[in-house]
Amino acid sequence: MGRATTAPEASVEGGGRRVGIVCPYSWDVPGGVQQHVGDLAESLIGMGHHVSVLAPVGDPEHPTPAYLVSAGRPLPVRYNGSVARIRFGPRASTCVRRWIAEGDFDLVHVHEPAAPSLSLLACWSANGPIVATFHTSNPRSRAMSATSTALRSAMEKVNARIAVSEAARRTLVEHVGGDAVLIPNGVSVRRFAHADPLPGWPGEGGSIAFLGRLDEPRKGLEVLLEAFTRLAPHRTGLRLLVAGPGDPDLSGVPDDLRERVILLGRLDEADKVRAYHCADVFCAPNLGGESFGIVLTEAMAAGAAIVASDIPAFDAVLDGGEAGELFRVGDAEHLAERAAALLDAPDRRAELSRAARAAVRAYDWDTVAADIAHVYETVLAGNRPLTPASYRRGERP
Amino acid sequence: MAAILLVLVLVGFYLSWRATRLDRLHHRVETARAALDAALLRRAAAVLDLAASGHLTPEASAGLSESANRARRADDHRELAESALSVTLRETLDARADLTTAPELQEVRVAARGVHLARVFHNDAVGDTRRARRSRLVRLLRLAGTAALPEFFEMDDQAPGAAAPGSR
């Protein structure tokens, strides 16, 4: 090597890049990728970058942020066992090329480029550096391998691949080949930090909250219901807030206690944020299988006093119990004990709340976006124009 | 006659497209390699700054500087020297959890993360290029020209201590 060069001033916070982000799914339909792209765009803009997001928009009346450029109406396409609303074809291609030409981007960041979509079109059209983020963690993603010959010519142009989870990374490695760096989803701490509790909460007699799918045993609602059944007879005002889609199995709760289990069903985004602010104690009784614990980080962002099972993911997120109490996974008696201690100690709750707000900063979108900006700088650091001819002459950079 | 001509033209277009793709891949490797060099140099510089900052014991500082300088100068055994620096960094910093807020340490962490990012992107580019060059057509018609077959850069790039932001 022996190349005398100084490291670039690639400060991670350095702003001022022109970034074009492509979201393949319809912007007016709620979804994980859309949420990710929106949060990323806002964090990058906050860091001083110029961001333009290209996405299909099905409903022209739908309010869109200033950074969004519509690529027209999407078509419903069966993909991965569900219906994705995407946009593809010659007219979409023209639209993508015009957006790239007018955007004058330093780099283009495409999301989920494996499916036939705007993202794939952008890979084909862009001549500059490309970053791609993979979200899918479907091991039987047929669309990914079915189009892989056409996909390869697009993937070859991608300078940097990001996977949002270990599962997404494995899917990528198996179906497309190559590797990716792992950058998880962030939590928008700002969005959860402040909200009014739902009407009637937290109430006088103490309260515990649970959020998540109610009919999925792994979420551990049953353990919490059992702990509540132990606590409630001695604490006549204690109430349990349960929010999330699905039908819960309340057969383990005695009839006279059931009216104090308040089922709120599925909540919209705004009410979900408020729900985190409702109870004295927030409980995450999951039995396992959580790779990251998005519910937990959201509760932390809301400054909840948390009691959570001691599965490895939660232990890590809660700093081994510094930012929330841990109980033995699946042990309702231990949970009841920990929850009771917290319900009786407002000072301890306030302390945990502060610790949780501090610990969640590592998962904040701003931190995650800084890591993604670091990827941008890494890609751009080596990117000086080099013509194919000079390459063939064997010149080294 | 016209049909033969048309086929020849189409074949020509196809071959030129394949050659362009290959050129692009080689270019990707080159830029990724330049980025990796820059990331490694940034890390070495950050480690030297940390060693000079006075946060560490004289012995720890001396060990880090020596390791960083060896990595910077290594020509033939660069992968080994850079790996050794990663190991020294972890040994030194994992014993000093109290340093977390020092700006020199922050820079070392970010720079170490940058090495990991750059190395993954580089090896990805190398893998894609090597796969493309295995194609029979590319070998038969020597579409790669005289370009050398790119090599992977193998090293221990695990960052010290608590993982860098976002790497969990």
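Okay, let's start with a term: when I say domain, the bounds come from an automatic or database domain assignment. On that basis, chain A splits into domain 1, which is 18–186 plus 367–391, and domain 2, which is 190–363.

Quick housekeeping. Residues count from 1 along each chain as its sequence is written, with chains lettered from A and ligands numbered from 1 in the order they're written. And this is a predicted model, so local features need pLDDT of at least 70 and side-chain atom pairs count only at pLDDT 80 or more, while totals for chains, interfaces and linings use all residues.

So, how do the two domains of chain A sit? Their centres, taken over C-alpha atoms, are 35 Å apart. The contact between them takes 7 residues from domain 1 and 6 residues from domain 2; by contact I mean C-beta atoms, placed from the backbone, within 7 Å. On the domain 1 side, those residues are 2 nonpolar, 4 polar and 1 charged. For those classes, Ala, Val, Leu, Ile, Met, Phe, Trp, Tyr, Cys and Pro count as nonpolar, Asp, Glu, Lys and Arg as charged, and the others, Gly among them, as polar.

Now the sheet in chain A. There are 6 strands in an open sheet, ordered S12-S11-S10-S13-S14-S15, with parallel pairing. Helices (H or I, at least four residues) and strands (E, at least two) are DSSP runs, numbered from the N terminus, and strands pair if DSSP finds at least two bridges between them. At the edges you've got S12 (261–265) and S15 (325–327), each pairing on one side only. From one strand to the next, the twist averages 25°.

Let's walk across part of that sheet. S10(A) and S13(A) run parallel, joined by 2 bridges, and Ile208(A) has Val281(A) as its bridge partner. S13(A) then pairs with S14(A) over 3 bridges, again parallel, with Cys283(A) opposite Val307(A). On we go: S14(A) and S15(A) are parallel over 3 bridges too, and Val307(A) stands opposite Glu325(A) there.

Which way do the residues of S13(A) point? Val281(A) and Cys283(A) go one way, Phe282(A) and Ala284(A) the other, and all are buried. Buried here is 20 or more other C-beta atoms within 10 Å of a residue's own, exposed is 12 or fewer, and partly exposed is in between, with C-beta atoms placed from the backbone.

Packed on the sheet is helix H11(A), residues 294–301, touching S10, S13 and S14 of chain A, and its direction makes about 165° with that of S14(A). Axes are lines fitted to C-alpha atoms, for helices over the stretch in contact, and angles run from 0 to 180 degrees between N-to-C directions. H11(A) is mostly covered, with 7 of its 8 residues buried, including Leu296(A) and Met300(A). Just after the helix, Gly303(A) takes a positive phi of about 75°.

Over to chain B. H15(A), residues 365–381, packs against H1(B), residues 2–52, at about 115° with axes 7 Å apart. Thr378(A), Val379(A) and Ala381(A) meet Ala35(B), Ala38(B) and Ala39(B), which makes 5 nonpolar, 1 polar and no charged residues.

Last bit: confidence. The model scores ipTM 0.89 and pTM 0.79. Chain B has a mean pLDDT of 86, with 95% of its residues at 70 or more; pLDDT is the predictor's confidence in each residue, from 0 to 100. Watch residues 163–168 of chain B, where pLDDT is below 50.

How values were computed:
Two residues are in contact if their C-beta atoms, placed from the backbone, lie within 7 Å.
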